[in-house]
Amino acid sequence: MQYADGGELLVAHLKDIGVDTVFGIVSVHNLPLVEAVDRHLRFVPVRHEATAVNAADAHGRARGGIGCALTSTGTGAGNAAGSLIEALAAGAAVLHVTGQIETAHLGRGRGFIHETPDQLGMLTAVSRYAATVPTARDAGRLLRAATAAALTAPGGPASLEWPVDLQYAAQTDRGEQPSRTPLPVPDPGQLDAARRLLAGARRPLIWAGGGAAGARAELGTLLTATGGGLLTSNAGRGAVPEDHPRVVGNFATAPAARALLADADVLVSVGTHFRSNETADYTLGLPSAHIQVDVDEAALGRAYPARHTLHGDAAAVLPELAGAAAPAEPGWGERVTAVRAEVRAELHESIGPQAAICDALAALLPRDAVVARDVTIPSSSWGNRLLPVHDPRANVFPRGGGIGQGLGMGIGAALARPGRPTVVIAGDGGLAVHLGELLTIAQERPRLTLLVFDDGGYGVLRNMQDAHRTRRSGVDLGGPDFAALAAACGLPHSRIADAAEAEAVLADALALDGPCLVEIDLAALGPMKNPFTPPVTIPAA
């Protein structure tokens, strides 16, 4: 195939892979790409390259596919690096196409405008795949190779740097396809042994991570066959809808869930990395009879020992296990259901007046509404656990734990699912990282309700310092007048200062067919009964 320039080739490729919206910032070093996307698809001009990648990441997550971000070379590509790390941590498929200086100057160290030494090395460090387009005959092949790498489990971002002179050049695409990597198949001996172990289980539990999202029906069948309970990581939420009576959820470190794990005789874990913040820095005890299923061979036995490791795709492996499962002993399912109720009631009680906001969102949002959560106290305490999730594609948050990414992710998710409301839970500190994206939502008009929980700084670190140190450092920050800020950006604004106001204010905000900012004044609302501190270890003096 012949294309007038690289932009036309890129558009043809994006159409082939089902991408209709691209996020980025225009530059002299990506102009042909941006212009073609803007002609044929939807180009969303965000205000920072990190947001371009976060939005593309979440757009792909919300649709169950891949997202695309365009950035410039040098500083622009560097600005994207932090968000590429998030996509890498999450295994999120992102096609990141960045500019590069003209081939005649590339690698010569002359200080050419936007040049950076070894940009490809930087991209390689933060991407699952990275390459440079060497000629106008290779761009199509490399776009397909990058996309295949991003979508091949365990997934992640793929970065392609494209010299600008080759973007302007006429393109010849010979249509070469990358070789397909077959899905792994578990060792037959390990699978048979796992089936025997599960057949004898009387008190089984399952732990689902993000790798279970593509095996929702199979996971539900296994849960039914065992009669056991389901714990999840944050990433595994919604793989089985969280109103199921035996879904305990993301509560593994709660005392009642710890006791349940201690009494379980078999644990089947599916596609989870057992992250430190979800295992109390790996102090959480797991049953020694542990069957681990993961498509990523490196994950098997990495965080916790497993008696039987099954290297394979969850959708293929789980039916093999379900066919061997025997129902749990009488009373085990009832105990699981009781633990589910207990951990939720305890958390609901501990968050004080914020429970009214959680309850209102749970009542008002449709089951498939996207809830994008930045790293902030409401998210880390109740948004990641208590606010119900019924669809993993609606569960959008920074899995790597970086602050300030929530609004960009919300923008991407909202534009991926325009017929449904999207809610972003952010703190005032995290929002300030990318405050300019308020202009993006004002311009693009997604159906997005931004909830800003304002406590005058970095509340989670403030609580940590108050609990463990003798003084506060760097946590108390000045903030804007949010009503004036919203007005300056042309956004509707409302405020919650009392728990009794939550339902009415949120109902009005969610009814809007466009963006709005809801300020939640935490000083006026009142404190949680138990101040939230992060689940990290503080060395003793």
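Which residues in H9 meet which residues in H11?

Modeller: This is a predicted model in which local features need pLDDT of at least 70 and side-chain atom pairs count only at pLDDT 80 or more, whereas totals for chains, interfaces and linings use all residues. Residues are numbered from 1 along each chain as its sequence is written, and side-chain values use heavy atoms, with hydrogens and water left out.

From H9, Glu218, Leu219, Thr221, Leu222 and Ala225 meet Ala315, Leu318, Pro319, Leu321 and Ala322 of H11, contact meaning heavy atoms within 4.5 Å. By class, the residues of this contact comprise 8 nonpolar, 1 polar and 1 charged; here Ala, Val, Leu, Ile, Met, Phe, Trp, Tyr, Cys and Pro count as nonpolar, Asp, Glu, Lys and Arg as charged, and the others, Gly among them, as polar.

Helix H9 covers residues 216–226 and helix H11 residues 314–322, helices being DSSP runs (H or I) of at least four residues. Their axes, which are lines fitted to C-alpha atoms over the stretch in contact, come within 9 Å and cross at roughly 15°. H9 and H11 are therefore roughly parallel to each other, a term for angles under 35 degrees between N-to-C directions. The crossing of H9 and H11 is left-handed: the near helix is turned anticlockwise from the far one by less than a right angle.

For context, helix H10 (residues 255–263) has Ala256, Ala257, Leu260 and Leu261 buried (under 20% relative accessible area, 1.4 Å probe, protein chains only). These four cover an arc of only 140° around the axis, which puts them on the same side of H10. On the other side of H10, Pro255 and Ala262 are exposed (over 50%).

How values were computed: Axes are lines fitted to C-alpha atoms, for helices over the stretch in contact, and angles run from 0 to 180 degrees between N-to-C directions. Helices (H or I, at least four residues) and strands (E, at least two) are DSSP runs, numbered from the N terminus. Angles under 35 degrees count as roughly parallel, over 145 as roughly antiparallel, 65 to 115 as roughly perpendicular and the rest as oblique. The arc is that of the directions from the helix axis to the C-beta atoms.
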